[in-house]
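Please look over the model below before reading my points. Keep the structure open as you go.

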Amino acid sequence: MSPKAQNADSTSDEELVRRVQKGDIGAYNLLVVRYQYRVIKIAQKFVSDYADASDIAQEAFIKAYRALPNFRGESSFYTWLYRIVTNAAKNFLETNSKQRSQVDVDDEVLNASSPEALTDRQTPDSIIESEELKKVILKAVSELPNELKEAFMLREIEGLSYEDISEREDVPIGTVRSRIFRARQYIETKMDQFRKG
């Protein structure tokens, strides 16, 4: 694999954040793809209903998008996003007066977030095309060949390292990188097609 392809495959959260801060919404959609399942899992610690968890996740991604211009990288993007998700979940519970289940959450992490950046609850269509985009992404993932889908899911959903995936799949790391790159490329192409209508 060429160094350019390898570099594109291993695009860091920090690089994607920089691209979003320069106005690249497509880069934000890649972050959504990367973290949507983990964000829903966080939300499900607060609510048992999957639809409610999905709503919380969507709200969190919109809030995160709006707050990104002020993100300075003092923590990792995922840690920062985690704070936003947990705050969105707490707001959801308060708004809907639902029974709160016992949740083990680090209060320091929750209190470290910036409430003033999270007050806007509007949902502009231009930020995330919500359900439609989600369907496009899920369909694109389902269309991937098995070896690409497996590598993509292990990396982006389960958060395994390239080394762990290489060991689990019994293939060289270069093959793992190539598969994940091709999977991301396919998904991004489908997202671009959707955005262009």
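**Notes on the model**

1. Start with W80. At a relative accessible area of 13%, W80 is buried. Buried means under 20% relative accessible area, exposed means over 50%, and partly exposed lies in between (1.4 Å probe, protein chains only). A word on the source: this is a predicted model, where local features need pLDDT of at least 70, side-chain atom pairs count only at pLDDT 80 or more, and totals for chains, interfaces and linings use all residues. Residues are numbered from 1 along each chain as its sequence is written, and side-chain values use heavy atoms, with hydrogens and water left out.

2. F77 and W80 both sit in helix α5 (residues 77-96), three residues apart, which is about one turn of the helix. F77 is buried too, with a relative accessible area of 2%. Rings of Phe, Tyr and Trp (its six-membered ring) pair if their centres lie within 6.5 Å; planes under 30 degrees apart count as stacked, over 60 as edge-to-face and the rest as tilted.

3. Now count the ring pairs. The structure holds six aromatic pairs. One of them joins Y28 and Y65: the centres are 5.1 Å apart and the planes are at 65 degrees, so this pair is edge-to-face. Y28 lies in helix α3 and Y65 in helix α4, so the pair ties together parts that are 37 residues apart in sequence. Y28 counts as buried, at 0% relative accessibility.

4. Step back to the whole chain. How many helices and strands does the protein have? There are ten helices and zero strands. Helices (H or I, at least four residues) and strands (E, at least two) are DSSP runs, numbered from the N terminus. Along the sequence the pattern reads α-α-α-α-α-α-α-α-α-α. Of the 197 residues, 43% are buried. The accessible surface comes to about 10800 Å², and 46% of that belongs to carbon and sulfur atoms. These areas come from the Shrake-Rupley method with a 1.4 Å probe; for residues, only the protein chains shown count as cover.

5. Check the contacts next. Contact means heavy atoms within 4.5 Å. Take the contacts between residues at least 6 apart in sequence: 68% of them join residues at least 24 apart.

6. Helices α2 and α3 deserve a look. The axes of α2 (residues 13-21) and α3 (residues 25-43) come within 8 Å and cross at roughly 140 degrees. Axes are lines fitted to C-alpha atoms, for helices over the stretch in contact, and angles run from 0 to 180 degrees between N-to-C directions. On the α2 side are D13, L16, V17, R19 and V20; they meet A27, Y28, L30, L31, R34 and Y35 in α3. The residues of this contact divide into eight nonpolar, no polar and three charged.

7. Helix α10 (residues 173-196) passes a length check. At 1.5 Å a residue, its 24 residues should span 34 Å, and the end C-alpha atoms are 34 Å apart, which agrees. The expected span is 1.5 Å times one less than the number of residues. Its buried residues are V176, R177, R179, I180, F181, A183, R184, I187 and M191. After α10 comes G197, with a positive phi near 75 degrees.

8. Look closely at A183 in α10. A183 is buried, with a relative accessible area of 0%. Beyond its neighbours within four places in sequence, A183 is in contact with L144, L148 and F152. A183 and F152 are 31 residues apart in sequence and 6.4 Å apart in space, C-alpha to C-alpha.

9. Is D170 buried or exposed? D170 counts as exposed, at 69% relative accessibility. D170 sits in the loop between α9 (162-169) and α10. Its phi is near 60 degrees, a positive value in a residue other than glycine.

10. Finish with S54, in helix α4 (residues 50-67). S54 counts as buried, at 9% relative accessibility. Leaving aside neighbours within four places in sequence, S54 is in contact with I40 and K134.

Note on methods: Ala, Val, Leu, Ile, Met, Phe, Trp, Tyr, Cys and Pro count as nonpolar, Asp, Glu, Lys and Arg as charged, and the others, Gly among them, as polar.
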